[in-house]
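Q: I'm new to this one and would like to start with a single part. Could you take me through it slowly, then show me what lies around it?

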Amino acid sequence: MPEPEVDTRRREIAGVLTGEFQSPSPDQVLENVLENVLLFLTSRRDRNAVSLVCKSWYRAEALTRSDLFIGNCYAVSPRRAIERFRRVRSVVLKGKPRFADFNLMPPNWGAYFTPWVTAMATSYPWLEKVYLKRMFVTDRDLELLAQSFPAFKELVLVCCDGFGTSGLAGIASKCRQLRVLDLIEDEVADDEVDWISCFPESGTCLESLIFDCIECPINFEALERLVARSPSLRKLRLNRYVSIGQLYRLMIRAPQLTHLGSGSFSSSDIVAQGDQEPDYISAFAACRSLVCLSGFREIIPDYLPAIYPVCANLTSLNFSYANINTEQLKSVICHCHKLQIFWVLDSVCDEGLQAVAATCKELRELRVFPIDAREDSEGPVSEVGLQAISEGCRKLQSILYFCQRMTNAAVIAMSKNCSDLVVFRLCIMGRHRPDHITGEPMDEGFGAIVMNCKKLTRLAISGLLTDKAFSYIGKYGKLVRTLSVAFAGDSDMGLKYVLEGCPKLQKLEIRDSPFGDAALRSGLHHYYNMRFLWMSSCRLSRQGCEEIARAMPGLVVEVIRNENEEDKDGFEILYMYRSLERPRIDAPEFVTIL
Amino acid sequence: MSPQLAKPSPESSSAGLHFNDTELTLGLPGATKSGTKRGFSDTVDLNLRGPCNTDHASNPSENDVSGDSKPPPAKTQIVGWPPVKASRKNVAKISKYVKVAVDGAPYLRKVDLEMYGSYQQLLGSLEDMFSCFPIRNYLNERKLMDPVKGSDYMPTYEDRDGDWMLVGDVPWKMFVESCKRLRLMKSTEAIGLAPRASQKCTSTSGSKSL
């Protein structure tokens with residue numbers, strides 16, 4: 001089906017050639033000019049603003065928007081989206097709320113890709129890119145996608161589930177223009193299909209192949225041949241079924257890689273003793289463009305020195321699956337002067353973080369994950385590590401830090417030293433834990449963060465927190481868009497401060513905090529500006545939620561029971577979101593839409 | 001299987017080792033912070049002989065080094081807390097892979113030390129892996145295999161300092177923490193390794209009631 005704009009141009013050219021050219025009307029000229037100008041406008045916020053100017057601008061913008069972003073798949077229906085935006089090349093769809101990642105949402109809640117792919121199959125023949133986050137995607141959906149879009153180039157699935165290797169086989173074999181296949185933190189079923197062998201034999205355009213989340217073996221010989229016939233490959237992230245010996249074989253075929261996920265980084269179970277181990281150091285040294293390194297899923301730390309040659313060029317290093325200790329980290333990090341993104345396990349201890357602070361002066365993003373994610377685990381990192389990072393890494397913009405002990409002083413220090421912070425997420429794993437030196441609540445620390453970090457848009461709080469912390473957030477957190485609260489606050493006032501004080505708030509997720517119906521009511525003026533509100537195990541009543549639903553017809557108010565819950569009126573979770581549509585009809589039995 | 005009775009080692013508390021949930025410990029985690037390898041007197045009687053753990057259970061005074069002998073009560077885990085994705089909790093399960101070499105064998109294996117709770121379990125697994133190589137398990141005289149051609153194999157390991165030690169020298173947790181690789185060494189070559197271990201062997205084997 002030829003594109004309308006191509007047709008118009010053909011006619012114009014034909015008109016000029018035959019002398020039948022008719023000058024377009026002034027309005028038409030304006031609209032053509034506008035469309036051409038708008039082609040350069042990529043930011044969706046700018047485009048939203050443009051579409052509000054007047055009807056003709058609305059139309060022009062709708063015709064020229066090629067990147068469709070839908071932050072909540074239930075906020076708008078596929079039909080409505082397709083009717084407005086007719087020439088879309090790329091779609092981003094997000095489904096479940098983030099707390100679903102932690103088993104707080106019963107399975108089969110929703111967020112199905114099927115209605116979307118079905119609608120797009122007939123309406124967006126030129127579709128090139130699909131990015132899905134927390135959606136339920138079936139093998140049939142993938143099959144339909146592969147069949148329907150001849151120009152399809154990029155598939156990125158993040159935290160999705162519902163499909164398996166048979167769906168991937170369809171994508172590999174039918175999407176002949178495929179450049180990107182990125183599977184990130186998905187749950188992929190093992191259908192025992194050799195999907196790696198399904199890529200075109202003659203050669204591929206693959207630039208990025210990421211499958212480190214796949215928890216089943218792959219056909220290595222087929223992968224090796226695939227890499228050999230994919231000359232554009234720059235990003236390759238292997239799963240833990242690829243041994244270091246196999247990694248070597250791939251690396252020597254693809255020294256042009258910029259992003260590498262190293263698989264298990266461990267020898268396979270049985271290795272011939274007589275054989276020399278390959279020269280891993282040379283293989284890494286040959287990858288002169290390597291800037292991003294991850295994997296290390298079952299690391300044998302002996303092999304760490306192999307990566308030394310690339311450390312000086314690395315901008316991103318992900319050790320968050322590598323059980324390494326302080327000394328092992330130090331041996332690597334001392335070379336990583338250009339590092340901007342660093343993910344690591346707390347097994348490296350405070351001293352390891354001190355080493356990071358000493359070397360990584362360009363650090364923008366740090367994530368420290370717990371090797372033992374339980375409330376009462378040892379906790380090898382503390383305020384000492386946080387303080388060190390704040391002093392050494394002044395350009396820090398984003399931090400996620402799991403720990404068992406923290407002090408207000410260290411958090412305050414970070415608020416002052418790292419004024420560029422945009423994302424601050426601190427998770428003190430023991431619930432209600434105070435400052436472990438002063439015994440005080442953590443109010444002052446988080447207060448300092450919202451006060452001093454003027455660019456802050458995302459905040460996650462933890463530890464012992466009173467309503468005072470929330471008053472700080474409401475007073476100073478004027479740019480905060482995403483707020484995550486757990487086991488915090490004393491009374492309804494806490495939630496009120498935030499709902500009344502934070503005009504930019506879009507995503508609010510709260511669990512196990514003493515906020516009730518009165519607090520919920522205080523946000524009525526703001527809920528249409530938000531993407532969603534999640535409240536679980538708080539002090540809400542069914543009537544309180546019904547009141548909101550009555551007051552705000554543009555909100556979908558879902559109350560979600562635990563599947564085992566006997567009491568049909570009781571509920572665990574309130575999940576509400578603005579929507580242009582009537583409430584969804586695909587909700588399971590344990591969801592009640594008020 | 002009988003639980004390990006061992007004091008939490010100082011190294012393990014400072015390195016944030018994860019304790020096996022079924023392990024009984026004497027004293028609260030992190031109670032001792034001596035920071036050095038434990039001396040001989042600390043290791044005697046506090047080790048690893050499977051059938052002899054019953055002796056310890058009936059002689060609590062021997063093990064009452066730090067007082068309280070009850071493990072701290074584990075808190076019931078709350079759903080979804082801490083907020084770590086299942087993929088990180090499962091795949092990032094604590095594992096510690098080390099290579100295992102056997103003198104004379106043409107291949108290396110690897111084992112995950114975190115899969116085992118005791119030396120008995122590890123050695124049993126090694127025996128299965130290298131079934132044609134009789135492994136001398138001096139820790140439990142009953143299981144000593146008949147030497148083949150007059151030689152058998154001693155399990156040894158290289159620790160973090162680069163020293164080769166006899167397996168069983170130190171408490172299990174400390175071993176897991178410090179072991180870099182395993183080698184099943186021909187007994188003839190193993191003489192001179194950690195002589196203390198063989199002293200312990202003779203002294204404790206005398207006190208066992210089998």
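**A close look inside chain B**

A: Let's begin with how chain B is held together: of the contacts (heavy atoms within 4.5 Å) between its residues at least 6 apart in sequence, 56% join residues at least 24 apart. Please keep in mind that this is a predicted model, in which local features need pLDDT of at least 70 and side-chain atom pairs count only at pLDDT 80 or more, while totals for chains, interfaces and linings use all residues. Residues are numbered from 1 along each chain as its sequence is written, chains are lettered from A and ligands numbered from 1 in the order in which they are written, and side-chain values use heavy atoms, with hydrogens and water left out.

Chain B has nine helices and seven strands; these are DSSP runs numbered from the N terminus, with helices (H or I) of at least four residues and strands (E) of at least two. Of its 210 residues, 52% are buried, where buried means under 20% relative accessible area with a 1.4 Å probe, counting protein chains only. The chain exposes about 10,000 Å², and carbon and sulfur atoms supply 55% of that area, which comes from the Shrake-Rupley method with a 1.4 Å probe.

Now for the part itself, helix 6 of chain B, which spans residues 119–129. Nine of its eleven residues are buried, so this helix is mostly covered. Among the buried ones are Tyr119(B), Leu122(B), Leu123(B), Leu126(B) and Met129(B). The buried set also includes Gln120(B), Ser125(B) and Glu127(B), along with Gly124(B). What do these residues pack against? Their partners in chain B are strand 3, strand 4 (107–112), strand 5, helix 7 (172–178) and strand 7.

Three of those partner strands are also linked to one another, and strand 7 (residues 181–186) is a handy one to follow. Strand 3 (residues 97–102) runs parallel to strand 7, and four bridges join them; two strands pair if DSSP finds at least two bridges between them. In strand 7, Leu182(B) sits opposite Val100(B). Strand 5 (residues 153–158) pairs with strand 7 too, in the antiparallel sense and over six bridges. Here Lys186(B) of strand 7 has Tyr153(B) opposite.

Asp101(A) lies in the loop between strand 2 (90–94) and helix 6 (114–123) of chain A. Not counting residues up to four places away in sequence, Asp101(A) touches Lys85(B) and Ala86(B) as well as Arg134(A) and Cys159(A). Its side chain makes a polar contact with the side chain of Arg134(A) at 2.8 Å; such a contact is a pair of N or O atoms within 3.5 Å, and within protein one must be able to donate a hydrogen and the other to accept it, with residues adjacent in sequence counting only if both atoms are side-chain atoms. Asp101(A) has a relative accessible area of 15%, so it counts as buried.

A last stop is the cysteines. Over all chains, the search finds zero disulfides, taken as pairs of cysteine sulfur atoms within 2.5 Å. Cys73(A), for one, has its nearest cysteine sulfur, that of Cys160(A), 10 Å away. Cys73(A) is buried, at 4% relative accessibility.

Technical notes
Buried means under 20% relative accessible area, exposed over 50%, partly exposed in between (1.4 Å probe, protein chains only).
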